[in-house]
Amino acid sequence: MRPLNCSMENPRGWAALDGAKLARREDAMAYFSGILPDLQGRNLDALYDCLTDLGPFRMVLSHREAMAETDFGRRLWAVLRDAAAENPYLELEEQ
């Protein structure tokens, strides 16, 4: 069994992500800090580390096109995609 260094507050085991609300760094990091209480740091490296340590968790992303409009949104999308590819327990679904 994989060690779980990053826990989540979300007992449902999934989170709805609205890309329109995640295109700005401040908004995105505040959101992820709320669902990932062990997130150390408010940056994309810390988010990647936390996501790749999670146990079973599903993220459902809507409005990804809004993320593509900002540099931060594009970098966040890459982190989410790469973390899901690295962690077999993390599922990223686009709506």
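Author: Let us begin with the charged side chains, where Arg24, Glu26 and Asp27 are linked in a network of salt bridges. This is a predicted model, in which local features need pLDDT of at least 70 and side-chain atom pairs count only at pLDDT 80 or more, while totals for chains, interfaces and linings use all residues. Residues are numbered from 1 along each chain as its sequence is written, and side-chain values use heavy atoms, with hydrogens and water left out.

Reader: Why is the contact of Arg24 with Glu26 called a salt bridge?

Author: The term requires a side-chain nitrogen of Lys or Arg within 4 Å of a carboxyl oxygen of Asp or Glu. In the pair of Arg24 and Glu26 the closest N and O atoms are 3.2 Å apart, so the pair meets the rule. By this rule the count comes to eight salt bridges.

Reader: What makes Arg24 and Glu26 partly exposed?

Author: Buried means under 20% relative accessible area, exposed means over 50%, and partly exposed is what lies in between, using a 1.4 Å probe and protein chains only. Arg24 has a relative accessible area of 47% and Glu26 one of 45%, so both are partly exposed by that definition.

Reader: Which parts does the salt bridge of Arg58 with Glu93 tie together?

Author: The closest N and O atoms of Arg58 and Glu93 are 2.5 Å apart. Arg58 lies in strand 2 and Glu93 in strand 3, so this pair ties together parts that are 35 residues apart in sequence. The names of such elements rest on DSSP runs numbered from the N terminus, helices being H or I with at least four residues and strands E with at least two. Arg58, at 30% relative accessibility, counts as partly exposed, and so does Glu93, at 26%.

Reader: How are Arg74 and Asp71 placed in helix 4?

Author: Arg74 and Asp71 are three residues apart in helix 4, which means that about one helical turn separates them. Their salt bridge has its closest N and O atoms 4.0 Å apart. Arg74 is partly exposed, with a relative accessible area of 43%, and Asp71 is partly exposed at 47%.

Reader: What puts the buried residues of helix 4 on the same side?

Author: The buried residues of helix 4 are Phe72, Gly73, Leu76, Trp77, Val79, Leu80, Ala83 and Ala84. They cover an arc of only 160° around the axis, which puts them on the same side of helix 4; the arc is that of the directions from the helix axis to the C-beta atoms. Taking contact to mean heavy atoms within 4.5 Å, these residues pack against partners including strand 1 (14–18), helix 1 and helix 2.

Reader: Why is the pair of Tyr31 and Phe32 called edge-to-face?

Author: A search of the whole structure finds one aromatic pair. It is formed by Tyr31 and Phe32, with 5.6 Å centre to centre and 80° between the planes. Rings of Phe, Tyr and Trp (its six-membered ring) pair if their centres lie within 6.5 Å, and planes under 30 degrees apart count as stacked, over 60 as edge-to-face and the rest as tilted, so the pair is edge-to-face. Tyr31 is partly exposed, with a relative accessible area of 29%, whereas Phe32 counts as buried at 0%.

Reader: What does the side chain of Asn87 reach?

Author: Asn87, found in the loop between helix 4 and strand 3, reaches with its side chain the backbone oxygen of Thr52 at 3.4 Å and that of Leu54 at 2.9 Å. A polar contact is a pair of N or O atoms within 3.5 Å; within protein, one must be able to donate a hydrogen and the other to accept it, and residues adjacent in sequence count only if both atoms are side-chain atoms. Asn87 is buried, with a relative accessible area of 0%.
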